[in-house]
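Subject: Structure handover

Hello,

Here is the structure for your files. Please open it first, then read the notes below.

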Amino acid sequence: MANLIIGLGNPGTGYSGNRHNTGFMVLDRIMANCNFSKPSLKFGGAVAEGTINDEKVYAFKPLGYMNISGTPTSEIMRFYKIPLKNIIVIHDELDIALGKLKVKRGGGSGGHNGLKSLDAHIGVDYLRIRVGIGHPGDKDMVSDYVLSNFNKEELPTLDNITQETARHIGLLLAGDEAGFMNKVSLGLQN
């Protein structure tokens with residue numbers, strides 16, 4: 001049975017460096033590290049195929065805006081008959097510091113519009129890689145903050161977390177959440 005890894009972000013070059021596009025950035029690194037096919041446009045997004053630890057994996061970037069990610073995701077799930085338990089969603093997380101990440105299955109959206117859309121269209125029991133982007137400190141600044149680019153000083157930290165996530169993603173596909181977190185944490189300390 002195939003697996004589906006989804007990166008959340010907004011389409012277009014104007015958003016490409018935004019904190020809100022962290023899911024796209026991490027997924028791009030996974031696809032590069034694991035020699036995925038060149039993405040093709042279908043199901044309202046960019047789809048690439050690859051194999052990680054002998055497991056068939058589809059990488060998917062919904063190319064509508066964040067708040068409508070659920071519709072194209074439900075289409076690709078149905079077409080490839082991928083169960084919810086085989087889905088990993090990568091997204092930015094305000095409540096986690098930059099350079100950290102957490103993994104969890106299910107839960108609420110925490111106000112994240114991409115997760116709200118996914119929850120409404122596919123359910124909530126998918127695995128989430130919550131990649132920290134930090135919080136601006138004031139809830140009134142959140143919208144501008146997530147749509148701003150990472151600054152020059154933050155880019156090495158971002159690069160490190162995308163690399164470590166890509167290096168150890170096979171552990172998540174194998175169901176080893178604790179092993180994934182341990183390996184990523186160790187990698188981030190070096």
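**Helix packing**

Helix α2 passes α3 in a right-handed crossing. Helices (H or I, at least four residues) and strands (E, at least two) are DSSP runs, numbered from the N terminus.

Residues 70–80 form α2, and its axis comes within 8 Å of the α3 axis, crossing at roughly 45°. That makes the pair oblique. Angles under 35 degrees count as roughly parallel, over 145 as roughly antiparallel, 65 to 115 as roughly perpendicular, and the rest as oblique. Axes are lines fitted to C-alpha atoms, for helices over the stretch in contact, with angles from 0 to 180 degrees between N-to-C directions. On the α2 side, G70, T71, T73, S74 and M77 make the contact; on the α3 side, S117, L118, H121 and I122 do. Contact means heavy atoms within 4.5 Å.

**Source**

This is a predicted model: local features need pLDDT of at least 70, side-chain atom pairs count only at pLDDT 80 or more, and totals for chains, interfaces and linings use all residues. Numbering runs from 1 along each chain as its sequence is written, and side-chain values use heavy atoms, with hydrogens and water left out.

D119 sits in helix α3. D119 is buried, at 17% relative accessible area. Buried means under 20%, exposed over 50%, partly exposed in between (1.4 Å probe, protein chains only). The D119 side chain makes a polar contact of 2.6 Å with the side chain of Y126. Such a contact is a pair of N or O atoms within 3.5 Å; within protein, one must be able to donate a hydrogen and the other to accept it, and residues adjacent in sequence count only if both atoms are side-chain atoms. Leaving out residues up to four places away in sequence, D119 touches G107, G108, S109, V124, Y126 and R128.

G110 is in the loop between β6 (101–105) and α3 (113–122). G110 is exposed, with 77% relative accessible area. From G110 to E93 is 17 residues in sequence and 8.9 Å in space, C-alpha to C-alpha.

**Helix α1**

Is α1 largely enclosed or open? Of its 12 residues, 9 are buried, so α1 is largely enclosed by the rest of the structure. Among the buried ones are F24, L27 and I30. The buried residues of α1 pack against β1, β3, β4, β5, β7 and α5. N35 follows α1, with a positive phi near 55°.

Best regards

Methods:
Left-handed = near helix turned anticlockwise from the far one by under 90°.
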